[in-house]
Amino acid sequence: RCPAYGDGVTFWPLREVVLEEAGGARVDSLAELLSGEADGARIAAQIGAAIGLTQDPTRPDELFPAIRRFFEAVADRQPLVVVLEDVHWAEATFLDLIEYLADAAREPLFLLCLARLELLETRPAWGAASRNVDTVLLEPLDASEIQLIAERLAGGALVPDMRARVVETAQGNPLFAEQLVAALQDEHAVPLPASLHALLAARLDRLGPAERDLLRCAAVIGTSFTVDALTVLVPEQARPFVDRHLRALERKRLVRPSRPAGSELAFQHVLIQLAAYRSMTREDRATLHERFAEWLRAQPPAQVPSLDEQLGYHLEQAVAERRVLGVADEHDAELAVRAGEHLAAAGLRAVWRYDVTAAANLLSRAYELLPAENPQRRIAMQRLAEAYQVVGRLDDAESALTTMLRAAE
């Protein structure tokens with residue numbers, strides 16, 4: 001899954017794939033998986049560095065071939081299908097990797113990439129240059145298909161008049177149909193809201209206070225979340241009831257298990273997550289982003305991918321919300337420095353693996369947060385100027401170099 005937040009987290013989907021296949025968050029596990037390859041240890045080291053298992057720099061000319069060799073080694077045992085969700089949120093380097101794999105892989109490998117049409121706004125020629133790529137545009141479902149969805153979800157309990165209203169209101173959108181049926185079953189919502197956004201807002205309003213607060217806490221984490229992380233964000237007196245409220249939210253089709261086993265869950269759709277997030281006050285957002293960052297920092301690095309990117313993002317969001325509220329105290333300054341240093345560290349690692357688009361993103365955010373006297377800010381500016389030149393943002397590169405020259409003088 002390409003995450004909906006945290007720009008610059010380039011290889012998050014690759015990490016999920018690798019760890020699922022290798023069965024452990026260690027380079028040793030990956031090397032064991034590749035033991036049949038002549039240079040399996042070197043391939044494992046390259047991939048391990050890219051997905052955050054080690055802090056070693058990668059060689060840009062070797063990384064994509066190493067990833068290809070990993071997929072070919074797995075596909076050599078049996079045909080391999082890799083499903084990549086929300087590719088419209090993928091970083092440019094990851095899109096390059098997908099296209100490279102489609103052209104270069106020689107074993108039975110099928111990449112299924114799910115994306116919204118925004119992908120074609122940034123990559124109009126997506127897949128057009130490759131004979132190995134097909135694009136299928138999904139049209140709205142017809143009335144009979146929406147009716148079938150509604151009947152299955154309701155278990156045959158919808159009267160004909162209400163079923164017809166669901167079909168008419170959903171306008172071919174299966175998520176809208178699902179949420180309409182859930183609203184009718186759980187809240188007997190009449191009249192039905194005319195838009196999906198209005199329906200989601202109304203459903204959130206009808207939740208009990210504890211369920212609504214739980215959903216808002218989950219929204220700060222992202223589209224998917226673990227029970228452990230969620231429990232840390234809720235008030236202490238509410239923690240014994242987290243499992244019970246999560247089961248209620250599952251019954252109402254607002255969240256779902258993300259994997260068959262384990263404690264990870266996900267929002268039923270990113271629009272539900274966004275609706276829950278937007279329903280919070282800025283003060284609550286700032287507090288929860290900071291609290292989640294503290295929890296992340298206490299986790300073993302092997303268990304949390306792209307730790308600097310995630311820490312930097314959540315601290316950055318806490319600072320942004322506080323500043324909109326007009327808060328400018330010593331704690332705000334401290335949060336900004338911590339956020340900037342994490343983003344700078346992530347940006348420098350992106351430079352090492354020649355992921356220049358992510359590097360420019362991360363380093364520019366670090367530069368905005370760090371105070372002038374911070375040594376990391378000067379390093380970030382230097383690498384940012386170099387990244388701008390590589391991606392063709394020459395005016396930005398010149399501006400950065402001019403700023404560095406003035407500071408040196």
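1. Start with helix H15 (residues 282–297): phenylalanine 292 and tryptophan 295 sit three residues apart there, so about one helical turn separates them. (Helices here are DSSP runs of H or I with at least four residues, strands are E runs of at least two, and both are numbered from the N terminus.) Both residues are buried, meaning under 20% relative accessible area with a 1.4 Å probe and protein chains only; over 50% is exposed, and in between is partly exposed.

2. A word on the source: this is a predicted model, where local features need pLDDT of at least 70 and side-chain atom pairs count only at pLDDT 80 or more, while totals for chains, interfaces and linings use all residues. Residues are numbered from 1 along each chain as its sequence is written, and side-chain values use heavy atoms, leaving out hydrogens and water.

3. Aromatic pairs next: searching the whole structure turns up four. Ring centres of Phe, Tyr and Trp (its six-membered ring) must lie within 6.5 Å; planes under 30 degrees apart are stacked, over 60 edge-to-face, the rest tilted. Phenylalanine 225 and phenylalanine 267 make an edge-to-face pair, 5.7 Å centre to centre with 65 degrees between the planes. Phenylalanine 225 is in strand E3 (residues 224–226) and phenylalanine 267 in strand E5 (residues 264–267), so the pair ties together parts 42 residues apart in sequence. Phenylalanine 225 is buried at 3% relative accessibility, and phenylalanine 267 is buried with a relative accessible area of 3%.
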